[in-house]
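Dear colleague,

I am handing over a structure that will be new to you, and below it you will find an account of what turned up in it. Please read the two side by side.

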Amino acid sequence: MRRRLGSQPGVRPGSRLGSRLGSRLGSRLGSRLGRVLLVLGFGAGSLLATGLPARAAAPTYTALGDSYTSGLGTRTYYGSSGACRRSPYSYPVLNAARLGAKLTFAACAGATVADVQKRQLAGLNARTTYVTVSAGGNDAGFADVLLSCGLPWPISCGHELDQATTFIKKTLPGRLDRLYSAIRKGAPNARVAVVGYPRLFNGEQCNLVARFSPGEQARLNAAADLLAVTIRKRALAHGFGFVDARPAFASHLVCADTEWLNGLSNPINESYHPNRRGQAGYAIIVEPALRKAPLPKLL
């Protein structure tokens, strides 16, 4: 007599005894199958894990620095940022969206190198993916230099420019070294890009109130060049990338047909800072620099 598949001799399918045998058989088969899967490395948890791979965490981006990073000059700021003047039009906000990164926006208008080091590094950690930092301009006293140079003849700003130049050469490098070391300690795995400052003037006069002579404009631009070279050297010495803003801004300085920088403005603190076009210009050059910034060397 032909047996039905899975039946036992003398046991009527559907009977109580048949049900018990079927239950035992299923239990034994399940146990054996489980042991085989475990030997092969496929536990129940791993089956679920391999079937539903974990989604990678979003990158994180911390923006450090002064008013050139916070977005002062764009005339629109987050109400919660107060005197720091953090703008939704700033390059950190624009680039965080492009990078798909969660932004920690620590930059603050008026910040010196020491301010960045003492007040802005708390958000850094081993999971930080990207960092940008701009600092040094306030330490060199450029706001006071511009104020003095913008006064009408016969007042000169030569003394203030000499002081700023001496400071950039002799004092600023050490301050930057301490800041950059602290950044790397706080974010040991991040790509770090140090963002430089542009020149301001193209040699033209377009403002009757703030008149910078051709000689003053040339000296101010030379000071900006010295600042850029100094910052670049210290950034590279620490294994960071450097974003030189001067080439991108060269055709968009104060008095250009399409300005990326405000001239003398009302309120006064908006003066000589990147406007919305300038921040968008910064975003264009900072994003690829962040993506290509050197990874930290393994010790």
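**What lines the largest pocket**

Sorted by class, the residues lining the largest pocket comprise 19 nonpolar, ten polar and three charged ones. Please keep in mind while reading that this is a predicted model, and that the values here are computed from it.

The volume of the largest pocket comes to about 720 Å³, and among the 32 residues of its lining, those closest to the centre are Phe-142, Ala-143, Leu-146, Ser-271 and Tyr-272. Three helices, namely H3 (67–70), H6 (142–149) and H9 (214–237), each contribute at least two residues to this lining, and of the elements that take part, H6 gives the most, with five residues.

**Strand E1 and its partners**

Turning to the strands, E1 spans residues 60–65 and is mostly covered, since five of its six residues are buried, that is, they have under 20% relative accessible area. On one hand, E1 is joined by four bridges to strand E2 (residues 102–105), and the two run parallel; within this pairing, Tyr-61 stands opposite Leu-103 in E2. On the other hand, five bridges join E1 to strand E3 (residues 130–134), again with the strands running parallel, and here Leu-64 is the residue that stands opposite Val-133 in E3.

If you wish to start with one place in the model, you could look at H6, which supplies five residues to the lining of the largest pocket, and then go on to E1, which is bridged to E2 and also to E3.

With kind regards

Key
Residues numbered from 1 in each chain as written. Predicted model: local features only at pLDDT ≥ 70, side-chain atom pairs only at ≥ 80, totals over all residues. Heavy atoms only, no water. Buried < 20%, exposed > 50% of the residue type's maximum accessible area, 1.4 Å probe, protein only. Pairing = 2+ DSSP bridges. 1 Å grid on protein atoms, 1.4 Å probe; cavity = no way out; pocket = protein on both sides within 12 Å on 5 of 7 lines; lining within 4 Å. Points joined across faces, edges and corners; volume = space filled by probe spheres on them. Nonpolar A, V, L, I, M, F, W, Y, C, P; charged D, E, K, R; others polar.
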